[in-house]
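Here are my notes for your first look at this model. Keep the structure open while you read, and check each point as you go.

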Amino acid sequence: MRLLHTMLRVGDLERSIAFYTDVLGMRLLRRKDYPGGRFTLAFVGYGEESDTTVLELTHNWDTSSYEIGSGYGHIAIGVDDIVGVCDQIRAKGGRVVREPGPMKNGSTVIAFVEDPDGYKVELIELSSRSHAA
């Protein structure tokens with residue numbers, strides 16, 4: 001078994017695809033409309049679905065926004081240079097909502113950005129994880 005994807009419901013599919021591809025550097029892997037169900041699925045990621053876990057963006061045509069809810073946490077992306085990545089995200093119009101720094105009660109360096117629908121994306125500096133307990 002392996003993890004295949006995480007699904008997020010999004011209010012504006014084009015805006016979300018642009019954020020995950022242009023701001024976070026993922027690729028649009030596939031997209032399909034389901035007219036009978038009035039929804040579209042778009043899969044984005046850093047590698048092929050056959051090899052890596054990807055993100056499924058679900059757009060229900062008749063819904064323009066969602067409440068995230070108190071049960072949702074975040075998705076996480078490993079990066080080499082967290083400060084540089086945050087600078088790039090800001091330069092592309094992304095929102096950094098927690099600046100890079102050590103996590104509470106730990107040494108792993110993290111930051112958080114927010115996608116256009118308000119979903120949190122944690123950035124984890126990979127080199128700092130090797131020093132964490």
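1. How many bridges join E5 to strand E8, and do they run parallel or antiparallel? The count is 5 bridges, and E5 and E8 (residues 120–125) run parallel. Two strands count as paired if DSSP finds at least two bridges between them. Helices (H or I, at least four residues) and strands (E, at least two) are DSSP runs, numbered from the N terminus.

2. A word on the source. This is a predicted model, where local features need pLDDT of at least 70 and side-chain atom pairs count only at pLDDT 80 or more, while totals for chains, interfaces and linings use all residues. Residues are numbered from 1 along each chain as its sequence is written, and side-chain values use heavy atoms, without hydrogens or water.

3. Now the whole sheet. It is open, has 4 strands in the order E5-E8-E7-E6, and its pairing is mixed. E5 (75–79) and E6 (95–102) are the edge strands; each has a single partner, so one side of each lacks a neighbour in the sheet. From one strand to the next, the twist averages 20 degrees. Strands of a sheet pair through backbone hydrogen bonds, either parallel or antiparallel.

4. Helix H2 (residues 82–91) lies across E5, E6, E7 (109–114) and E8. H2 runs at about 170 degrees to E6. Contact means heavy atoms within 4.5 Å. Axes are lines fitted to C-alpha atoms, for helices over the stretch in contact, and angles run from 0 to 180 degrees between N-to-C directions.

5. Next, the aromatic pairs. The whole structure holds 3. Ring centres must lie within 6.5 Å; planes under 30 degrees apart are stacked, over 60 edge-to-face, the rest tilted. Phenylalanine 19 and tyrosine 20 are edge-to-face, 5.0 Å centre to centre, with 90 degrees between the planes. Tyrosine 20 is buried at 0% relative accessible area (buried is under 20%, exposed over 50%, partly exposed in between; 1.4 Å probe, protein chains only).

6. Tyrosine 72 and tyrosine 119 also pair edge-to-face, at 5.2 Å and 70 degrees. Tyrosine 72 sits in the loop between E4 (54–60) and E5, and tyrosine 119 in the loop between E7 and E8, so the pair ties together parts 47 residues apart in sequence. Tyrosine 72 is partly exposed at 26% relative accessibility, whereas tyrosine 119 is buried at 7%.

Note on methods: Phe/Tyr/Trp six-rings, centres within 6.5 Å; stacked < 30°, edge-to-face > 60°.
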